[in-house]
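Student: Could you walk me through reading the inside of a protein model?
Tutor: Gladly; let us look at it together.

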Amino acid sequence: MLIETHAHLDYPDFAPDFDDVLRRATDAGVTRIITIGTSVESSRRAVELAEKYPNVFAVIGVHPTYVEESGEDVITPLRELAQNPRVVAIGETGLDYHSLPSVELAKERKATQVFLKVLQTSTEEQLEAEIHDGAYKSKQASLFEQQLDLAGELGLNVVIHQRDAWTDTLEIMRPYTGKVRGVFHCFGGSLEQAQEVLDLDHLVSFTGIVTFKNGVSVRDVAAGVPLWKFMVETDCPYLAPVPFRGKRCEPAHTRLVAESIAAARGISLDEIAEATTETAEKFFRFNR
């Protein structure tokens, strides 16, 4: 009935009751789960789970916030993992500028500063942080492009992570138009931004944020994008929907995401399930 298009089943959060998690998903009508790698090791674990459980499939990649510890060559091991037919896309990859070195410096200064520092020292520290920002962004961009190249080489699509890096993300993806399609997962932008994504022949995907009291804008976007241009997900164990907010999220909650979008659009759950399942089946390579 529904496909959970973005879970992190390899995380330790699910180790104590993994089989029950899968059972609850099935009971909720979630027939397939895509578990997403965030590092080479996480991707290996995702593939192992996909090999073991017939309703689980893997996406392999290195998350942008892991760029510092990712090593010199992530593409060789990812290319090897991608030979497994249970791998259905590349990702999650993209750009994340939320916690740049300069931001972390500002947090530290705010937390520890009692007396004003000498202005020159402050300026030097800020300049150094900005240099680190540039290097960090450059590493993320390189890692992103390498994974987009790999996806194009293998004929796979990509799962995109974007946080506080909208313009740069689209700029990097534009040369790949017509070669690789992406889904902007956990979409939280405006309807205009969603249209930018769709105009480049990419997709968006919505999480439990659509159920939040303060998720009105995201819910409005989910109600406004074309029915066949989005998918549903949880990003579990994060972002548990109402009424489970603040607790561990799991794939069964995909149904609550779909129900919320159905209500916002004034259509049935079955219509949402049919459209998002067909979209996911076309985007992910289930039958390699």
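Student: What volume does the largest cavity have?
Tutor: First, a word on the source: this is a predicted model, where local features need pLDDT of at least 70, side-chain atom pairs count only at pLDDT 80 or more, and totals for chains, interfaces and linings use all residues. Residues are numbered from 1 along each chain as its sequence is written, and side-chain values use heavy atoms, leaving out hydrogens and water. A cavity is a set of points, on a 1 Å grid over the protein atoms alone, where a 1.4 Å probe fits but cannot get out. Points are joined across faces, edges and corners, and the volume is the space filled by probe spheres set on them. Here the largest cavity has a volume of about 40 Å³.

Student: Which residues line the largest cavity?
Tutor: Lining residues have an atom within 4 Å of a point. Among them here are His6, His185, Glu233 and Phe284.

Student: Which residues have the most contacts inside the largest nonpolar core?
Tutor: A nonpolar core joins buried (under 20% relative accessible area, 1.4 Å probe, protein chains only) Ala, Val, Leu, Ile, Met, Phe, Trp, Tyr and Cys residues through side-chain atoms within 4.5 Å. In this model the largest has 76 residues, and Leu9, Phe184, Phe206 and Ile261 have the most contacts inside it. Another core, of 15 residues, lies apart from it and includes Met231 and Phe286.

Student: What does Isoleucine 261 touch?
Tutor: Contact means heavy atoms within 4.5 Å. Leaving aside residues up to four places away in sequence, Isoleucine 261 touches Phe206, Val210, Ala222, Phe230, Val232 and Ile272. Ile272 is also one of the buried residues of α10.

Note on methods:
Buried means under 20% relative accessible area, exposed over 50%, partly exposed in between (1.4 Å probe, protein chains only). Helices (H or I, at least four residues) and strands (E, at least two) are DSSP runs, numbered from the N terminus. On a 1 Å grid over the protein atoms alone, a cavity is a set of points where a 1.4 Å probe fits but cannot get out, and a pocket is an open set with protein on both sides within 12 Å along at least five of seven lines; lining residues have an atom within 4 Å of a point.
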